[in-house]
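Here is a protein model to explore together, one part at a time. Keep the picture open beside the text and look for each element as it is named.

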Amino acid sequence: MGAAPVTVSIRRISLGAGYRYLMASVARGDGAGVMSSPLTRYYAESGTPPGRFLGAGLACLAGGAGVVPGAQVSEEALFRMLGKLQDPVTGQQLGRPPKAVGTAYIDGKGRVRKAPRPVAGFDLTFSAPKSVSVAWALADPGTQAVIYRAHLRAVEFVIGYAERAVFFSRSGHAGVVQEDVRGVVAAGFDHWDSRAGDPQLHTHVVVMNRAQCADGAWRTLDGRLIFKATVALSTLYNAVLSDYLTGALGWGWEPMARRHSAVPKYEVAGVDAQLQAEFSRRSGAIEDAKNALVDDFVAAHGRQPSSREVLQLRQQATISTRPDKEAHALGEQMAVWRARAARLVGLDSARWVSHLAGRNELPLLRAADLTDQTLAGVAGAALAQVAGKRATFSRMNVLAEVLRQLHGARFADPTERLAVAERATDLALDRAVPVDPPEIAVTPAALQREDGTSRFRFRGMEAYTTQATLDAEARLLAAGRCVDGPAIDPSLVAAAGAEPGTGAGLSVGQVAAVRAVVSSGRELDVLVGAAGTGKSTTMAGLRAVWETGFGPGSVIGLAPSAAAAEVLSQVVGIPTENTAKWLTENARNTDRRAEVEALQAKLWRASPSRQTKAMRERMHALIAEGRAWSLRPGQLVIIDEASMAATFDLDALTTQARAAGAKVLLVGDPAQLSPVGAGGAFKLLVGDRADVPELVDVRRFRHEWERDASLALRAGRAEAVDAYDEHGRVAGGDRDAMLDALFNAWRTDIDEGRRSLMIAGDNQTVTDLNARARAHRVADGLVTEEGVRLADGSVAGVGDLIVTRRNNRSLSTGSGWLKNGDTWTVTRICRGGGLKVKRGDSHREVSLPAGYVAESVELGYATTAHRAQGRTVATAHAFVDVTTAREPLYVMTSRGCESNRLYVDTADQPGTETPAPGSELTAVEVLQAAVADTEAEQSATATMAEHWTQAHSVGQLSAEFQAIVADGTTMATDAARELERARALAGRAELLRQRAHSQRAVDVPDSVQTGPAPSL
């Protein structure tokens, strides 16, 4: 599906750090206190507007006197907010004083560690879509003011919504009670451009981590929901901004395709992709300056600089080319922007912007215009989309999808849009199944909300699934427990030559796994193996054994991607396909059978003729196709990389196999990456058994310590990071320095003839690494500078390494067809933008059409963690930052046989223009946080069991009881009754735990499969 475009980012701000960088860019001129004309004074004066107060919580400041929204934020006020968590006006402490920041200390291994800092606030950064920023940059002053005001109004609208639906606090033992807040205290800082100097209208909204609750107490905010709501807030901001701009300027909006995602982004109609690309260029000044310094170094020393020296040169180039955010007035910046745009829009850019007006042809809707019956289609589509991506989901997930469904419509006012979106979300959730257990007792009135719901149940944190998901998981569990499937006598393992010493090369552990799979009789089986344990070799031995019992051709392979399927075919020697293609073709068998029956009826009455011959040939072709895309009794279907297979795909394939009398084997590692669609099924099946065949002997790595460290990282143990650090595999620093170090180490490996891989977690970093690789190869004379433009905006010339990103079965590669993930070397540039390419050492050239090159080809020197899963190289070099989670980190550290090195961005502010003083972490701290952060999706069944157990646990019930007793309005008799309830439920929770432990399986109430959760 792909992710939605996100224009709102959220990060934490540590106490005492992070506020100076916001003040640093503020203009210091005489007019700094005048906010009535927020743009005009910055045309001639450098800097950006002073921060302004916003948020409903302002009314609670200054002892209730309040602060006027829009009032200017002084540096002292911001320091009180983020440095002391105090009232920015009076300096009064708000709530409990924050814990004092400790001093640095030496850990047990002799390393200096910084003391952790409390969270002082949250930075919500609202960035206008690129087309809006471009139009704003090129417009006349009057239109600029309108656009700017629309942006500010959209920010304020979203913050107001978040105050009602996202910002909450907690109280009671273990924070068991959710507290509504009276609003947040925030400061907004408007910025004009990106670090690269491109127009980027955006606002930092810094929310203080203190809010006044209904009882008058000041408490910290609950950050969990804030981060979960990021996408929904981003989608709401985009929609609200579009309504404001359509209302003010008559602008139209059109969907634009995005790379690697089926979710479009909506941009201003008339601002084309080429113009947006002009103002989305990452600055090449640092790279150019560094290359010049390297040339000077070579001239002076007669040799190439070492990696360390290159890093020093890079730092020098970064400092010398860093744009000064206070160096230019807005008017100067706009002059530069208009000059850059002149070749695309003409010299009169303001006139060009004026022609964008009046392009909206859609009616401006109101909530009353859309009935629930009309919205039922929106609700159904949104629920289907969300359920297709996630096994479980939240209200915010559904709201975000509803807003995307509605983005193409125009509304008279954002409140009308939000009202419609909330109604459609309610309709969607009415069709969903709650994952959380129902309330089983009445909560005392003092701990209820105005609508009667319990404050023990956290609003916004509820989880949902669909009955279809639960049913699919139930069918998979049933198939995994059924032992009536095809099986082979375990004695045939030796007959097939799979025993150690018989030539197959299997270890004792691999043979045991093969024997367990072939003899289990399970209709759906699993084989687990950590990275580097020889899963491919085991599958090859498994094929030999299975064919001994069921004959040649009785084993086929499937994988979630075409590239993975091709690898499976090569290593196991079986016909393979990707799961999506198999399911599509199998579904067509119904049409094939109908056509065959129709042809048979015609042939029964037909006389011999050329037409009759053609019909007969067509019939036989259809029969052959049907057999090719069908399963038969005794067949073994191996699904490799099963952790990345979506639940509904696995259910469909298993259903086919059970109907045909075949067996399905899922091979993979639940500790690696999850699928794009709803997943968690593989992990669910693994957890449902006590006798899972598992490969535990890691054979990939040259060094013994790396084998142990990879397994520790896979298990989520923080000490794994120490092993990599102690063996010199970890480097830390700013992003540019780390990318430089990573690239130079990769380049050294390549020059020495090693198979090496650069890996990153996001597409932008991959693009950056590819650009560095290409620039150096051009400089070394290995690649031609001239070439054709690719889908990622880069250029590929003769000699470049590229990767194809879309399957195309019509383009033959000699041994197959063009696949997503295939890598090639460019051999020739064709007229019109096409490419001639070859794979590896092959002499056969393949022609890539210009259209395919422009849409689906990228440079291939670096890759994402998702595309790297399943690959093995000699050395791997991975870029890590604070957004990296355990699963991609594990993939990154397990690709290289000889070494795996980590280059860690230690800045705690990804995406901001200037790092905040004191915000940097050490490389080890970033890696430890990544190990602790798992993003593996869990099945709906397992999530439901977990939520039920937690809700009925002794700890939860004890905390609820303490909150009830602590409330002064509760009668002693009520407390006693609640105590009995707590004891009863504690006993119930203990029984549930004992049953789960005895079964060694995920256990949920039977009635979950048919609807609402049962009453206890």
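Strand 6 (residues 168-171) and strand 7 (residues 177-180) run antiparallel and are joined by four bridges. To see the pairing at one spot, look for Ser169, which stands opposite Glu179 in strand 7. The two strands form a hairpin with five residues between them, and there Gly172 takes a positive phi near 85°. Keep in mind as you explore that this is a predicted model.

Now let us turn to a sheet. Strands of a sheet pair through backbone hydrogen bonds, either parallel or antiparallel. Here, five strands form an open sheet in the order 24-37-36-25-35, and the pairing is parallel. Strand 24 (730-733) and strand 35 (862-864) are the edge strands, each pairing on one side only. On average, neighbouring strands of this sheet are turned by 25° against each other, direction ignored. Within the sheet, seven bridges link strand 36 (residues 873-880) with strand 37 (residues 896-905) in the parallel sense. Phe879, for example, has Tyr903 in strand 37 as its bridge partner.

Helices pack on this sheet too. Helix 28 (residues 735-751) touches strand 24, strand 25 (756-760), strand 36 and strand 37, and its direction makes about 175° with that of strand 36. Helix 29 (residues 763-779) lies across strand 25, strand 35 and strand 36, and runs at about 175° to strand 35.

Is Ser899 buried or exposed? Its relative accessible area is 10%, and buried means under 20%, so Ser899 is buried. Leaving aside neighbours within four places in sequence, Ser899 is in contact with Glu706, Arg729, Ala874, Thr875 and Ala876.

Next come helices that pack against each other. Two packed helices are described by the angle between their axes and the distance between the axes. For helix 16 (residues 467-481) and helix 24 (residues 647-660), the angle is about 45° and the axes are 9 Å apart. That angle makes helix 16 oblique to helix 24. The crossing in which helix 16 passes helix 24 is left-handed. Among the residues that meet here are Ala468, Ala472 and Leu476 in helix 16, and Phe648, Leu650 and Thr654 in helix 24.

Compare that with helix 13 (residues 372-389) and helix 15 (residues 414-430), which pack at an angle of about 65° with their axes 8 Å apart. Helix 13 is therefore roughly perpendicular to helix 15. Their crossing is right-handed. The residues that meet include Leu375, Ala379 and Leu383 from helix 13, and Val420, Ala424 and Leu427 from helix 15. An α-helix has 3.6 residues a turn, so residues three or four places apart point the same way.

Why is helix 33 (residues 923-932) described as largely enclosed by the rest of the structure? The reason is that seven of its ten residues are buried. The buried residues of helix 33 are Ala923, Val924, Glu925, Val926, Leu927, Ala930 and Val931.

Finally, a look at the cysteines. How many disulfides are there? The count is zero, where a disulfide is a pair of cysteine sulfur atoms within 2.5 Å. Cys830 has a relative accessible area of 24%, so Cys830 is partly exposed. Cys897, at 24% relative accessibility, also counts as partly exposed.

Technical notes: Residues numbered from 1 in each chain as written. Predicted model: local features only at pLDDT ≥ 70, side-chain atom pairs only at ≥ 80, totals over all residues. Heavy atoms only, no water. Buried < 20%, exposed > 50% of the residue type's maximum accessible area, 1.4 Å probe, protein only. Pairing = 2+ DSSP bridges. Axes fitted to C-alpha atoms, helices over the stretch in contact; angles between N-to-C directions. Contact = heavy atoms within 4.5 Å. Parallel < 35°, antiparallel > 145°, perpendicular 65-115°, else oblique. Left-handed = near helix turned anticlockwise from the far one by under 90°.
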